Amino acid sequence: MPRIKVLPHADFCPNGAEFEVAANSNLCESLHEHGVKIEHACDMSCACTTCHVIVRRGFDSLKEMNDVEADLLDRAWGLEADSRLSCQVIVTDEDLEVEIPKYTINHASEGSH
């Protein structure tokens with residue numbers, strides 16, 4: 001079973017996390033199942049960027065992103081070459097190390113009106 005390592009994030013995972021998941025698991029769902037409460041304002045429908053992660057290790061094992069995900073990521077805060085929307089990542093049999101960016105663009109949680 002692949003292991004997911006989450007680097008520390010002040011709000012969602014202060015101490016970091018490491019856990020095993022089954023291959024073919026959705027990354028965003030797996031994070032939630034293991035106590036990492038990453039945002040997903042669109043309910044994982046690939047319509048926002050709040051579940052943006054940077055895949056520090058294992059990026060090349062992932063299925064290539066589609067055009068919708070790529071277009072959305074262009075609007076994400078802290079975009080890097082190894083950025084993905086965790087709701088669109090299906091874990092393969094390779095371990096992943098992910099970092100949750102410091103900020104997200106989520107008007108609802110920012111208190112915008």
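Mentor: A residue is called buried here when its relative accessible area is under 20%, exposed when that area is over 50%, and partly exposed in between. By that cut-off, 44% of the 113 residues in the protein are buried. The model is a predicted one, and what follows should be read as a description of that prediction.

The protein has two helices and five strands, and along the sequence they follow the order β-β-α-β-α-β-β. Its radius of gyration is 13 Å, close to the 13 Å given by the globule rule for 113 residues, so the protein is as compact as a globular protein of that length. The C-alpha trace spans about 45 × 30 × 20 Å along its principal axes. Of the contacts between residues at least 6 apart in sequence, 63% join residues at least 24 apart. The accessible surface comes to about 6300 Å², and carbon and sulfur atoms account for 47% of it.

Now the core itself. The largest nonpolar core contains 27 residues, and those with the most contacts inside it are Ile-4, Val-6, Phe-19, Leu-27 and Val-36. Two or more residues each come from strand S1 (3-6), S2, H1, S3, H2 and S5. H1 gives the largest share, three residues. Phe-19 shows how such a residue is surrounded: beyond its neighbours within four places in sequence, Phe-19 is in contact with Pro-2, Arg-3, Ile-4, Val-6, Ser-30, Leu-31, His-34 and Val-36. Three residues in that list, Ile-4, Val-6 and Val-36, are also named among those with the most contacts inside the core.

Burial also reaches into the loops. Thr-50 lies in the loop between helix H1 (27-33) and strand S3 (52-57), and counts as buried because its relative accessible area is 1%. A polar atom of the Thr-50 side chain lies 2.9 Å from the backbone nitrogen of Ala-41. Cys-46 is in the loop between H1 and S3, and at 13% relative accessibility it is buried. The backbone of Cys-46 has a positive phi of about 60°, although the residue is not a glycine. Most residues other than glycine have a negative phi. Asn-24 also has a positive phi, about 75°, and is not a glycine either. Asn-24 sits in the loop between strand S2 (17-20) and H1, and its relative accessibility of 64% makes it exposed.

One aromatic pair is counted: the ring centres of Trp-77 and Tyr-103 lie 4.8 Å apart and their planes meet at 85°, so the pair is edge-to-face. The pair links distant parts of the chain, with Trp-77 in the loop between helix H2 (67-73) and strand S4 (83-85) and Tyr-103 in the segment after strand S5 (96-99), 26 residues apart.

Definitions and conventions. Residues are numbered from 1 along each chain as its sequence is written. This is a predicted model: local features need pLDDT of at least 70, side-chain atom pairs count only at pLDDT 80 or more; totals for chains, interfaces and linings use all residues. Side-chain values use heavy atoms; hydrogens and water are left out. Helices (H or I, at least four residues) and strands (E, at least two) are DSSP runs, numbered from the N terminus. Buried means under 20% relative accessible area, exposed over 50%, partly exposed in between (1.4 Å probe, protein chains only). A polar contact is a pair of N or O atoms within 3.5 Å; within protein, one must be able to donate a hydrogen and the other to accept it, and residues adjacent in sequence count only if both atoms are side-chain atoms. Rings of Phe, Tyr and Trp (its six-membered ring) pair if their centres lie within 6.5 Å; planes under 30 degrees apart count as stacked, over 60 as edge-to-face and the rest as tilted. The radius of gyration is taken over C-alpha atoms; the globule rule is 2.2 Å times the number of residues to the power 0.38. Contact means heavy atoms within 4.5 Å. Accessible areas come from the Shrake-Rupley method with a 1.4 Å probe; for residues, only the protein chains shown count as cover. A nonpolar core is a set of buried Ala, Val, Leu, Ile, Met, Phe, Trp, Tyr and Cys residues joined through side-chain atoms within 4.5 Å.
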